[in-house]
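This report covers a protein model, its strand pairing, its nonpolar cores and the confidence of the prediction. The sequence and structure come first.

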Amino acid sequence: MPTDAPAHHIAGTTTRLVLTHVRERAGDAGVAEVLRRAGETRSVDTLESEHTWSSYDQAIALLEAAAAVLDDPQVGRRIGEDVIRQKVGTPIAPVLRAFGSPAELCREITRTSAKFQTVGDAVALEIDDTHAVIAFAVHEGFQRNRLHCDYMAGLLSRIPMLFDQPPAEVIHDECQVDGAERCIYAVRWPDQHEELESAQAQRTELLEAYNTVLSEQIQDLQSTAADLVSADDVDTVLVRIAARAADAVRAPRYVLALWGDDGRPGTVHSQGLSDDAARTVASRLLGDEPSANPSWLVADVVSAHRRYGRLAALYDQEGRFFPGEVRLLAAYARHAAAALDAATALADARRREEMASGLLDVARALSNVVGAEEVGATVAVSVPGIVGCDHAVLFRWDGDSSDAPCLQPLPAADDRSGEPDLTTFVRHLTDTPVLIAMSADPAPRFFDADRDGDGLGAELDRLAVRRIGVVPVIAIGELLGLLVVVWTSGPLPPADTQSTERLCGVADQVATALRNADLLEQVRHQALHDTVTGLPNQVLFNDRTNQALAAAGSGQRVAVMFVDLDRFKRVNDSLGHAMGNELLCGVTERLLSVLGEVDTLARWGGDEFTVLLPTVSSRGDAIAVAQAIQASFREPFRIGGTEVRVTASIGMAISPDDGTSTEVLLKRADLAMYRAKSAGRNGWCFSGPTELMVLVKRLSMEAELARAIAGGGLTVRYEPQVDLDTGRALGVEALVRWPHPEQGLLQPDQFIEMAEDSGLILALDEWVLRRACTDARAWRTNDAGFRLAVNISGRHFEHRQLHAIVESALHDAGLDPQILEVEVTESRVVDDRHEPARELAALRRRGVRIAIDDFGTGASVLSRLQQFPFDTLKIDQSFVAGVGTEATGDGAIVAALITMAKGLAVDVVAEGVETPVQLDFLRRHGCQRAQGYLFSKPVPAADVPLLLATPFTVAG
């Protein structure tokens with residue numbers, strides 16, 4: 001048998017015995033010296049493995065090196081005698097013991113010897129119950145070595161010990177080394193019935209070795225079983241199984257051959273053979289009668305589900321196998337079949353998992369589409385992996401076509417070159433009764449090239465495809481299109497129930513996606529456009545401005561405008577919001593009439609519009625547009641039968657003179673617009689040095705405020721809220737102050753608006769809230785009616801994190817939620833764009849009180865106000881300031897607000913009380929609490945306990 005592989009002459013038992021013997025007498029250094037002298041490049045672990053076979057020359061080199069290092073010419077015999085003492089057992093030991101006696105084992109010495117070497121043949125010449133004569137001769141081409149002769153003598157002396165008997169006496173008088181034709185070993189052992197008590201220790205040693213061997217065999221089988229559920233790939237598992245099987249039967253070579261899908265040898269694992277030789281053996285092994293070769297031991301790799309291949313242990317000579325080895329190899333073959341069953345099941349599970357994952361991916365992809373064409377692109381990319389086809393095309397029913405209604409293919413995002421053009425096929429399909437039938441019964445139909453397929457077989461031949469599957473895309477009884485899948489090459493999958501259900505599932509998802517495509521497009525439009533005028537909103541305007549700035553070439557400038565309607569609030573107040581919205585739409589038409597096609601008009605918010613001029617060459621171009629806008633406003637607007645005259649103030653900025661970013665240009669245009677208003681309205685202004693200085697200062701202040709918030713550079717003062725019956729301070733309002741390093745102590749009106757515009761108000765409010773809660777916990781007030789009022793910006797409702805922020809602040813400070821009262825301005829409460837009622841209700845359920853601040857200054861409707869959860873109304877100081885003066889009617893307003901609060905069963909607090917006259921008025925009309933400089937200016941946290949302990953004078 002050609003092998004073209006490293007020689008397999010001496011089993012690993014020999015090399016392991018050599019190294020173990022040397023280590024016991026000369027340590028690891030002695031082992032290293034033996035390896036050096038033998039010219040051995042393999043590792044110690046490799047040489048001590050039972051799986052390692054060596055060439056005859058390699059084994060002899062190790063024996064000679066051991067004799068030299070240990071200075072022991074009899075080392076070969078001693079090493080052989082160590083086989084039992086060193087417990088160097090292999091899985092073959094239980095097989096040998098099965099012969100029952102030394103004599104029977106010697107009868108099978110030919111097969112037994114072959115388990116340890118393949119360089120020669122051993123033959124039993126004489127055998128009786130107490131002795132045997134064994135002859136051994138090396139094959140032609142091998143030179144007999146005395147150390148190996150002695151080694152075999154040592155091994156033969158241990159045969160009786162396998163059967164609980166003392167060692168045998170071995171006489172080796174004739175040797176091939178001395179010129180004899182063969183080595184003759186006379187082996188004698190005592191009669192089993194005359195065994196001496198002195199042999200008891202040797203029998204114990206033998207049993208220990210035997211138990212070790214049996215345990216190793218069981219462990220090998222268990223390890224093989226464990227491999228079946230290991231994380232390794234199936235090829236790795238099969239290699240392990242085959243290697244253990246070969247070792248169990250002590251074969252120098254093995255082949256595990258599996259059939260491929262085409263019935264020919266597929267996967268081949270081998271040892272002791274070159275790749276080419278292994279493939280040759282595999283072909284013979286998978287033939288009709290592989291067991292006819294007497295030097296092969298063959299087991300079928302077969303399970304209850306499938307025949308996979310064959311496992312074979314190979315010898316160069318015939319008749320080398322014991323009956324027990326046949327069973328062992330069959331057991332390992334069954335393990336291999338089980339591994340392949342598991343791998344097949346795992347592969348099926350993975351395919352199902354991949355299919356489910358693919359369907360989920362399709363669902364996710366289709367859920368994010370924004371148009372029908374994107375649905376088509378998603379189908380083209382995703383469906384082949386789900387269905388197992390080569391191509392997929394979505395045809396959509398175009399019932400609004402100017403021509404006859406038809407099915408049109410939706411283009412894919414990627415290049416579709418090389419794919420078959422299915423348009424003609426689908427048109428042929430519509431001319432047959434098939435489409436009508438599919439509308440009534442939306443089941444997939446398959447058309448194969450080797451069948452006529454309702455007269456469409458010729459069309460499949462023309463397209464050079466093997467199969468086409470068609471499934472209708474139907475939603476609520478309406479045909480939306482057809483999903484067409486194509487197989488052009490490879491094996492065709494069965495058109496079974498699973499394929500049908502899979503196609504139907506994809507078609508259902510596609511139907512939903514197509515139905516939603518228009519809705520999603522509308523939602524996308526709404527996200528980027530103003531709902532009143534239909535104009536782009538801030539997001540879309542900023543995006544287009546960014547693109548214009550990025551695309552601006554040399555000498556090309558980009559201009560932005562802020563257009564603010566003058567005194568628009570009067571229209572809303574006098575005619576109502578509906579008329580105000582109608583006016584905004586009329587203004588939109590006028591503005592669009594003077595702008596070019598490449599220009600962008602957006603509604604910024606309220607009565608403000610922005611204009612993008614992406615291709616201007618100078619300021620003069622922008623000025624011309626501003627003048628045209630103002631000229632278009634000269635004619636009055638007719639709103640609901642009423643003529644309304646409106647003017648506009650316009651601010652402009654141009655790149656790169658006024659900035660190179662959208663943010664800077666917009667801010668400078670905004671500042672220029674305010675300068676136009678300050679100059680008398682109905683005019684325009686370009687951004688100039690003044691606006692730049694204001695902008696730089698504002699940006700600098702924003703950065704300083706951000707640092708102050710982050711670094712604790714703010715402070716909180718507390719203004720008492722006084723009970724007007726007892727004069728005691730039953731609460732305080734937290735008011736933030738900014739100790740600016742250059743400008744001194746800044747009041748809120750000097751930086752709160754900036755914080756609102758920049759978005760810093762969120763962090764600022766949270767800092768004040770945490771500081772106030774911590775201070776209130778330190779005061780340790782026991783008054784159940786005590787209130788800590790903290791102002792919260794309405795911007796928090798946009799982010800919907802207010803409840804979490806308040807909860808965290810209360811938890812960290814260890815403060816009772818019933819002490820805290822959150823103040824929100826009236827205008828923010830009634831603004832339902834961000835659903836403030838939900839956030840406020842969540843806080844109230846937690847025990848936090850809600851106060852409406854600046855009440856009376858907004859535009860709320862009382863019936864709507866009643867829908868919101870609140871506990872306190874705070875009368876704005878602008879009304880309180882006018883109490884007691886004859887020039888205003890503020891007194892009547894304040895009295896009405898107090899009466900209304902009582903009717904709503906909520907507390908009322910008057911702000912800004914500065915005179916005894918105001919205090920007396922409030923007490924006479926039943927106001928419960930008040931705050932203002934008449935009682936105390938805001939004080940630091942350290943002074944609050946004194947305020948709470950000292951009554952104020954409230955009597956007239």
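## Strand pairing

Strands β5 (residues 253–259) and β6 run antiparallel and are joined by five bridges. Strands of a sheet pair through backbone hydrogen bonds, either parallel or antiparallel.

## The sheet and its helix

The model is predicted. In it, β5 and β6 belong to an open sheet of four strands, ordered β6-β5-β8-β7, with antiparallel pairing. The edges are formed by β6 (265–271) and β7 (296–302), each of which pairs on one side only. From one strand to the next, the twist averages 15°.

Helix α11 (residues 275–285) packs on this sheet and touches β5, β6, β7 and β8 (307–314). The direction of helix α11 makes about 120° with that of β6.

## Nonpolar cores

The largest nonpolar core has 79 residues, and among these Tyr718 and Leu788 touch the most other members. Helix α25 (residues 761–779) gives the most to this core, contributing nine residues.

## Confidence

The protein has a mean pLDDT of 80, and 81% of its residues reach 70 or more. Over residues 194–219 the pLDDT is below 50; this stretch has 38 contacts in the model beyond near neighbours in sequence. The pLDDT is also below 50 over residues 221–226, a stretch with eight contacts beyond near neighbours in sequence.

Notes:
Residues numbered from 1 in each chain as written. Predicted model: local features only at pLDDT ≥ 70, side-chain atom pairs only at ≥ 80, totals over all residues. Heavy atoms only, no water. pLDDT = per-residue confidence, 0-100. Contact = heavy atoms within 4.5 Å. Core = buried A, V, L, I, M, F, W, Y, C linked by side-chain atoms within 4.5 Å. Buried < 20%, exposed > 50% of the residue type's maximum accessible area, 1.4 Å probe, protein only. Helix = DSSP H or I, 4+ residues; strand = E, 2+ residues; numbered from the N terminus. Pairing = 2+ DSSP bridges. Axes fitted to C-alpha atoms, helices over the stretch in contact; angles between N-to-C directions.
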